[in-house]
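Subject: Structure handover

Hello,

I am handing over the structure below. Please look through it first; my notes on what was found follow.

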Amino acid sequence: MSLIIGAFTMGLILSLLSLGMFISFRMIRFTDITVDGSITLGASISAVMIVQGYSPWLAVSVSILGGALAGAITGILYTRFKIQEILSGILMMTALYSINLRVMGKSNIPLLDVTTISTGMEGILAKMTGSASKVDILGWQVPVGDLAVFATSGIIAILIACILCAFLFTHAGTALRAAGSNPQMVRAQGVNNKTMIVFGLSMANGLVALAGSLLAQYQGFADVQMGIGMMVWGLASIIIGEALVGKTSIGLTLTGVILGTILFRLLIAIALRWGLNPNDLKLVTALFVFAALVAPAWIGKMSKKVKGGFLHAES
Amino acid sequence: MLKVESISKTFHANTVNEVRALHDVCLTIEDGSFTGIIGTNGSGKSTLLNAVAGTFMPDAGSIHLAGHNITGWPEYKRASLVGRVFQDPFAGTAPDMSIAENVAIAMKRGQHRSLQFAVTRTFRDDVADRVRTLKMGLEDRLDNPIGTLSGGQRQALTLLMATWTRPKLLLLDEHTAALDPKSAAKVAELTKIIIEREKLTALMVTHSMQQAVELPDRIIMMHRGTIVEDYQQERKQRVRVPDLMATFDRVQKRELFDESVAGMLEVQYC
């Protein structure tokens with residue numbers, strides 16, 4: 001049970017990463033690699049501030065701002081200095097590696113016995129359960145601490161998804177979506193599509209940094225290496241989510257992205273349980289994303305071939 | 001009023017691919033007039049339109065529109081004054097977004113975009129009313145992605161969007177050229193109706209002589225980046241397709257002659 005709660009919590013936290021990447025990859029259609037750096041930036045800012053005794057909520061807010069700034073810089077590299085989108089992301093990601101080391105002062109900061117954003121929730125749960133250290137859920141004993149993190153990240157993820165969904169239907173949000181869908185059209189309608197790219201990337205990386213901040217608080221440390229491969233994980237989650245619910249409406253897709261991330265974490269937890277070497281995890285994820293990207297076109301070609309052969313036989 | 005003053009544009013300057021697309025073009029368009037631009041391929045007619053739309057910055061000259069000097073304005077800023085319909089019927093709308101959302105984007109053309117919901121119930125009714133005037137049955141499909149519509153339907157919607165808030169100038173860039181004949185006729189008819197009803201100032205590039213004779217009230221003929229003919233008022237009333245064709249032939253013959261003479265002189269003197 002703690003395995004499942006853990007996978008769910010991890011999935012909820014990382015769904016913020018996926019939601020952020022949904023903005024950059026799906027709404028403004030920008031292949032943003034800044035993600036690997038900005039998730040670590042969120043984690044490192046939060047770790048340093050929490051260790052120094054600042055309120056965890058303040059730490060989370062500063063992390064979001066840090067991520068938003070990083071995303072904006074990637075956007076400016078692309079729009080103002082006309083650097084290719086992938087390279088803009090790589091430049092920012094590389095720069096962030098050093099920045100993260102500077103922020104933390106060392107490569108790893110442990111966060112043990114500190115106040116995190118789930119501490120408040122823990123208090124509430126403790127009151128409800130009469131200060132028991134474990135709660136009985138469907139016959140399993142779940143530590144109150146784990147439950148508190150789960151509840152806190154769940155509330156944050158759902159809240160952010162609702163705000164994001166509402167935003168995408170406002171005048172500003174529709175302009176953002178159109179900027180990704182048809183840049184020529186939005187310019188003709190008086191929207192500076194470059195501003196929209198910078199704004200979108202800033203929003204996306206702000207969310208990614210929020211995920212990093214929560215991740216550090218949940219796993220109890222921030223590490224300068226923790227961001228490696230996060231972009232591919234996020235992408236895998238988005239692909240699973242879209243496969244689950246389709247792309248018919250924004251609200252549905254956002255729900256799908258959250259569910260997809262959770263499902264992805266569950267699959268990983270199960271795979272690890274069955275004896276998958278953790279070192280192979282990123283290879284497996286990369287292969288999965290490769291398959292998900294190639295399969296639709298491949299299946300289409302196959303079905304055409306089958307159809308073509310049938311017609312040929314008929315004539 | 002649109003006032004284009006001696007603008008020039010050379011693409012790929014100082015290379016073998018150098019193209020003098022516009023050469024010292026002057027053009028004044030009065031408020032409420034509908035002007036058509038015709039010319040051969042590469043005559044600079046679309047380039048002139050794009051210069052006004054702000055797709056590129058001219059090398060020289062100035063453009064004034066409705067009392068503003070818009071020469072240095074970027075494309076998106078000019079959109080506050082200019083409505084546009086493109087040749088590509090897919091260029092003017094965002095395919096993944098619904099009809100209502102596309103119109104909502106157009107409604108805010110050149111204005112501040114707030115954090116209020118874009119498609120409200122009253123706005124939706126408003127869209128349905130005006131989409132009904134297109135007589136395409138689209139008023140029942142307002143929530144469908146615009147990408148599911150045909151080219152003609154999308155072009156009609158783009159026209160509606162370009163004129164949703166009254167533009168100081170409407171730019172039409174061969175907007176019926178990529179449509180099937182039936183849709184092209186329909187969109188041309190809508191163009192005439194909307195421009196007359198809203199008393200718009202419009203500039204239309206067309207490759208169709210027939211359209212140039214039927215729709216606008218002034219015809220400009222371009223060749224090699226300059227304006228070579230300007231049919232206005234009574235002259236425009238009288239002009240017919242064969243007259244335009246004859247003028248084309250004359251302009252092209254004159255040029256052939258010029259080039260062959262230049263060739264002869266080159267052999268003799270160089």
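Chain B holds an open sheet of six strands with mixed pairing, in the order β6-β7-β8-β3-β9-β10. Its edge strands are β6 (82–85) and β10 (226–232) of chain B, each of which pairs on one side only. On average, neighbouring strands in this sheet are turned by 20 degrees against each other, direction ignored. Please keep in mind that this is a predicted model.

As background, strands of a sheet pair through backbone hydrogen bonds, either parallel or antiparallel.

Also in chain B, A185(B) is part of helix α6 (residues 181–198). A185(B) has 14 other C-beta atoms within 10 Å, so this residue counts as partly exposed; the cut-offs are 20 or more for buried and 12 or fewer for exposed. Q211(B) is 26 residues away from A185(B) along the chain, and their C-alpha atoms are separated by 9.4 Å.

In chain A, the helix to look at is α11 (residues 250–273). Its 24 residues, at 1.5 Å a residue, should span 34 Å, and the end C-alpha atoms are 34 Å apart, so the two values agree. The buried residues of α11(A) include I250(A), L254(A), V257(A), I258(A), F264(A), R265(A) and I268(A). After α11(A) comes G275(A), which has a positive phi near 105 degrees.

Regards

Notes. Residues are numbered from 1 along each chain as its sequence is written. Chains are lettered from A and ligands numbered from 1 in the order in which they are written. This is a predicted model: local features need pLDDT of at least 70, side-chain atom pairs count only at pLDDT 80 or more; totals for chains, interfaces and linings use all residues. Two strands pair if DSSP finds at least two bridges between them. Helices (H or I, at least four residues) and strands (E, at least two) are DSSP runs, numbered from the N terminus. Axes are lines fitted to C-alpha atoms, for helices over the stretch in contact, and angles run from 0 to 180 degrees between N-to-C directions. The expected span of a helix is 1.5 Å times one less than its number of residues.
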